[in-house]
Amino acid sequence: MIPYLAAVILFAVGVFAIVSGRGRHKAIIGMGLVHFAAALVFCLAGWRTGGEPPLVTSESWEATSRAVASGSEAATIHDPTAQAMAAMVILIGTAMTVLAAAIHSKLQTLSNDDEGGPSEEATS
Amino acid sequence: MKDIAAHALPLMVMAPLLAGLLAMMLGRVRPWLAAAAAIAGAGSVVALAARGGQGAYAVAGWHRLGLGAGLYCDALSRVFVIVIAAIAAVTVIHSLGTVGERSGGWYGLVMMAVAGMNGVVLAGDLFSLWVSLELAGVASAALVALGGRGGRRGDLEAAFKAMSVGAVASGMIVLALAVAYCLRGTLNMGLLAGQLTGPAQAMFAALLAAGLALKTGLVPFHGWRIDAARSSGPAGAMTAISAGACGIYAICRIFFNVIGVDTMAPLLMGIGAISAAAGVLVTFGRTDVRRAAAFHSVSHCGVIVLALGMGGHLAGMGATGAASMALVGAILHVLNSSAFGMLSALSAGAIGSSAGAADASELGGLSVTMPKASISSAMAALSSAGVPPLGGFWSQLCMIGAAVAGRMWLAGALLVAVAAARFASLAKQRAFFGRLSSKPTAAQDIRGPALAAQLALMIAVIGLGVFSFILAIELANPAADVLCNGTSYAEAVAEAVSRMSASSRGGR
């Protein structure tokens with residue numbers, strides 16, 4: 001339960017950092033936190049208590065085959081699909097964070113009297 | 001040709017990516033060559049959708065385990081594929097005169113956004129849908145940041161805002177997917193259809209509804225969409241309109257075919273009604289023509305979501321005729337609002353860039369100096385307000401007719417009031433047709449590629465009205481049937497997959 005709670009807290013902190021409007025650098029960190037929280041939930045979705053890593057070696061394959069043949073329960077493995085999806089979430093989250101950081105960097109180099117006028121253009 | 005038709009679904013995602021790559025290379029030689037590659041990419045998607053783009057596509061037999069990134073295309077997907085390709089083609093044509101030496105990268109990003117959006121509407125599983133949504137979102141944000149003239153402060157801030165809001169929406173959608181995966185061990189939409197019940201369904205639906213409302217830019221999550229639509233150049237208009245289309249597709253597919261809309265209909269009607277009304281009402285006090293156009297597009301998205309909710313509610317009540325009418329109206333309005341929304345945004349942008357101001361109170365009588373932009377603006381406004389025989393009239397008539405047939409008087413009255421209010425809030429028309437401004441302006445009328453793009457959109461707005469009946473039968477009605485069939489989508493996917501497996505065995 002604690003890892004799920006940690007994911008929820010991480011997500012809430014990330015959303016707060018984005019929507020609180022306390023600066024673009026905090027929003028960028030928030031973007032990363034939101035995606036890491038989501039990736040954590042995916043990892044937890046694939047977690048099996050007492051599970052083995054989802055790697056197929058000749059030993060693990062033989063052990064599983066023997067267990068299946070003898071009718072006993074095969075060793076549990078962690079769900080690799082959930083782990084793959086968590087990796088994808090981290091990848092996309094990182095891409096978004098990098099793009100946001102690049103935009104922030106470009107914005108910092110522009111002064112208010114540049115073409116396009118003041119920053120009020122993009123306020124709602 | 002038979003092989004191409006058999007692999008049409010992955011090609012509909014791959015073709016824009018290849019066209020984008022080609023555009024990036026050709027952009028170094030001649031900008032128009034890059035544009036031609038991008039238009040060819042958009043055209044090939046439409047051709048593929050017309051030739052063989054129906055059914056399922058799975059790779060390496062993973063679909064038997066409920067895994068893998070399968071693609072699925074039906075009548076509903078086809079409507080959105082056509083809309084996305086058309087929006088992209090118009091954007092590319094319109095931008096020919098403005099992007100200049102940056103054309104290669106710019107068109108490459110447009111095609112990347114198209115590939116992402118096609119991925120959204122063709123995805124057979126929720127994870128692929130989310131990945132595609134993010135791909136489209138990142139490409140669109142980059143386009144907004146580049147803007148029409150490159151690196152303006154307002155454009156960059158709009159892009160940053162779109163990224164921030166997109167991250168929150170993305171997180172919510174991924175959490176919803178994680179919940180579904182925890183409970184069912186699959187994210188395949190065919191296998192999930194109708195399987196989520198009770199509190200799990202409520203949590204999944206709430207997270208998805210919030211995430212998709214943010215992505216679509218519905219009220220009260222519309223701020224990023226308004227800023228993006230106001231950014232310079234056609235990319236902002238494309239981002240706002242296509243984000244709306246993708247969000248509406250995701251709402252249709254997930255709420256109707258995966259969750260089951262009967263329990264979700266009140267939520268959809270509520271969100272839709274608020275967006276439809278607020279999107280029009282807030283334009284009354286504003287004189288910024290670009291902001292008014294952007295708010296109107298939010299209002300039209302709200303109208304579509306309201307009609308979808310009405311359709312779901314009426315289908316649940318057993319009023320299938322009225323439900324079908326509401327859904328046909330909603331699908332037709334997706335086509336219409338994309339055409340006149342794009343036209344409205346581009347003509348409003350023309351005021352900002354040519355007249356040097358976007359405030360209607362400072363402008364007036366632009367019909368004298370900008371007659372072509374005035375006509376395109378008037379055309380968009382008339383269709384948006386539902387004036388016959390333009391396309392907006394027929395789709396809104398369908399929705400109002402469904403509300404009357406289903407005795408949903410409040411929804412019907414709201415739809416009529418919203419359409420009527422659009423007449424009264426045409427700040428932009430004052431800029432064009434109002435009294436000639438005393439302030440001298442050096443406004444130049446639209447010409448060249450911008451004129452060609454707006455002319456194409458004007459023809460589309462008229463054509464959507466004139467051929468409305470044919471479009472309703474050929475495109476909207478089959479798509480409405482997909483929605484009416486609800487969670488029996490699972491059987492349709494299973495049937496398509498078995499057909500595909502049988503044909504591949506036969507091929508061997």
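1. Axes here are lines fitted to C-alpha atoms, for helices over the stretch in contact, and angles run from 0 to 180 degrees between N-to-C directions. This is a predicted model, where local features need pLDDT of at least 70, side-chain atom pairs count only at pLDDT 80 or more, and totals for chains, interfaces and linings use all residues. Residues are numbered from 1 along each chain as its sequence is written, chains are lettered from A and ligands numbered from 1 in the order in which they are written, and side-chain values use heavy atoms, leaving out hydrogens and water.

2. Now to a helix pair in chain B. Helix α17 (residues 391-405) of chain B packs against helix α18 (residues 409-424) of chain B at about 155°, with axes 7 Å apart; helices are DSSP runs of H or I, at least four residues, and strands are runs of E, at least two, numbered from the N terminus. That makes the two roughly antiparallel (an angle over 145 degrees).

3. Next, the salt bridges (a side-chain nitrogen of Lys or Arg within 4 Å of a carboxyl oxygen of Asp or Glu).

4. Another salt bridge pairs B:R253 with B:D74 at 2.8 Å, N to O. It links distant parts of the chain, 179 residues apart, with B:R253 in helix α11 and B:D74 in the loop between β2 and α4. Both B:R253 and B:D74 are buried (under 20% relative accessible area, with a 1.4 Å probe and protein chains only).

Methods: Parallel < 35°, antiparallel > 145°, perpendicular 65-115°, else oblique. Buried < 20%, exposed > 50% of the residue type's maximum accessible area, 1.4 Å probe, protein only.
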